[in-house]
Amino acid sequence: MMIEQHYDEEVLAGFLGEPIDSAARDKHLAGCSLCKRTLDSLRGTATLLKHGDVWEPQSFSNTPRAESLAFLRGVQKAMKNEDAAADVYAKQFLAGSRDTWAPRLAQHPEWRTAGVVRKLIAATDRAIDMMPADAVEITRLAVEIADGLLIAEYPTTFVARLRFASLLERAYALTCTGAYTEAMAALAAADALEPTIGSEFDRARLDLVRVLVYQTLERRDEALFIAHDAGRVFEEYDDFGRHAAARSAEAIILYHARRYQEAVAIHKALADDHRVDPRWRASSLHNAALCYRELGQFDDSIQYTMRAIDAFDRQQMVSYRVKSRWSLARLLAAQHRHVEALKILPEIQEEFHDLGMEIDVALVAVDMAESLLALDRVAEIPDACRVAMDYFHSANLAFTEGALTALATLREAAARSTLTLAEIRDSRAYFECLPRGPHTMFASLPS
């Protein structure tokens, strides 16, 4: 696959001396929204620099104003008190199952504060690791509370930044659960707040999530350009953590473009760099393993997968750990080590069930069916399918009927001893097209 090259700022600067409509005659600019947006930004900066006020030297007093100090101390005290109360509220708020959270919030209007929004945002990372569906609900409620904050009680910019932060977390949580349409809507809502916030750094943070969505939607040219630009911003701000996240995103795009050698080099560098957060290093180990698998270097792939499982376990990243264990099982099956694969696949299926990752429950059943068929243990396949069918019956999802039909077809063919490898692969292709949980590859995003 060819990755399209975008104009850099030096090339775009060449259009500044020309009439605005002349740029539209350039073939690339006429069809590239990213380059047009960058050119508009350069024009705005150039126009601003022409004003004399920009260059007028100013003198400022170093003596703080008493009223400013009093105001800041008042804000600090109010936020400290609000956060102390929010600690209590958030614990009560998130007690019990997620279906009880919204009704509980409705009964406690005093919980609708900026402090509670901050506590919910802080709880999102852990929820994504443990139960991604919980993170989606937490961020939904954070956005709801942030949207309802009164300008009379909080400064306008303060409210805008809090809304932006909650929408950013929501977009990421939705991306992790495969809800890309809703994630795009959250990104658009956050984009609308950018003029109020006016921060290149915050734009880059949002673009990290945008990269994940665009990559999944196969808008890879845009995703690669955005990831590279975001990485540049973070490097300029000396934010190594987010710079590493952007590099990880670039590697994932390269992976999906089948440029595995380039991708694995980035993942290995991140995995071995002790300046990188342990969560990212664990994800990079997993991603490097997937690259090695595609390169046919199975021994290296298994080695990195085992390291990833251990790292996820130490960081208590439950949903990621089970994904990595699943990858190990598939590696063993690819090497025709089906007996070893079948020792761990039932446990993996049960863990996916507990995590609410329904499509993966079905896909594990398909993997089990393939290994059982290879071992001529066809009589055991109906039981593997039954676990997934029982789950879909209870979950009552939008695609339950189609999923049940696909699983029933496998089960009946196995019962008749007519099941073929082609039918198993057709079933896998069907389930892989359904909305899924967390990505096979991980691009960790810092808070």
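In which hand, left-handed or right-handed, does H14 pass H16?

Modeller: This is a predicted model, in which local features need pLDDT of at least 70, side-chain atom pairs count only at pLDDT 80 or more, and totals for chains, interfaces and linings use all residues. Residues are numbered from 1 along each chain as its sequence is written, and side-chain values use heavy atoms, with hydrogens and water left out.

H14 passes H16 in a left-handed crossing, a term used if the near helix is turned anticlockwise from the far one by less than a right angle. Helices here are DSSP runs (H or I, at least four residues), numbered from the N terminus. The axes of H14 and H16 (residues 278-294) come within 11 Å and cross at roughly 15 degrees. Axes are lines fitted to C-alpha atoms over the stretch in contact, with angles from 0 to 180 degrees between N-to-C directions. H14 is therefore roughly parallel to H16 (angles under 35 degrees).

Contact means heavy atoms within 4.5 Å. On H14 the contact residues include Phe 240, Ala 244, Ile 252 and Tyr 255, while on H16 they include Trp 280, Leu 290 and Glu 294. By class, this contact has eight nonpolar, three polar and three charged residues; Ala, Val, Leu, Ile, Met, Phe, Trp, Tyr, Cys and Pro count as nonpolar, Asp, Glu, Lys and Arg as charged, and the others, Gly among them, as polar.

Arg 258 lies in the loop between helix H14 (240-256) and helix H15 (260-271). Its phi is near 65 degrees, a positive value in a residue other than glycine. Arg 258 counts as exposed, at 64% relative accessibility (exposed means over 50% relative accessible area, with a 1.4 Å probe and protein chains only).

Terms used
Helices (H or I, at least four residues) and strands (E, at least two) are DSSP runs, numbered from the N terminus. Buried means under 20% relative accessible area, exposed over 50%, partly exposed in between (1.4 Å probe, protein chains only). Angles under 35 degrees count as roughly parallel, over 145 as roughly antiparallel, 65 to 115 as roughly perpendicular and the rest as oblique.
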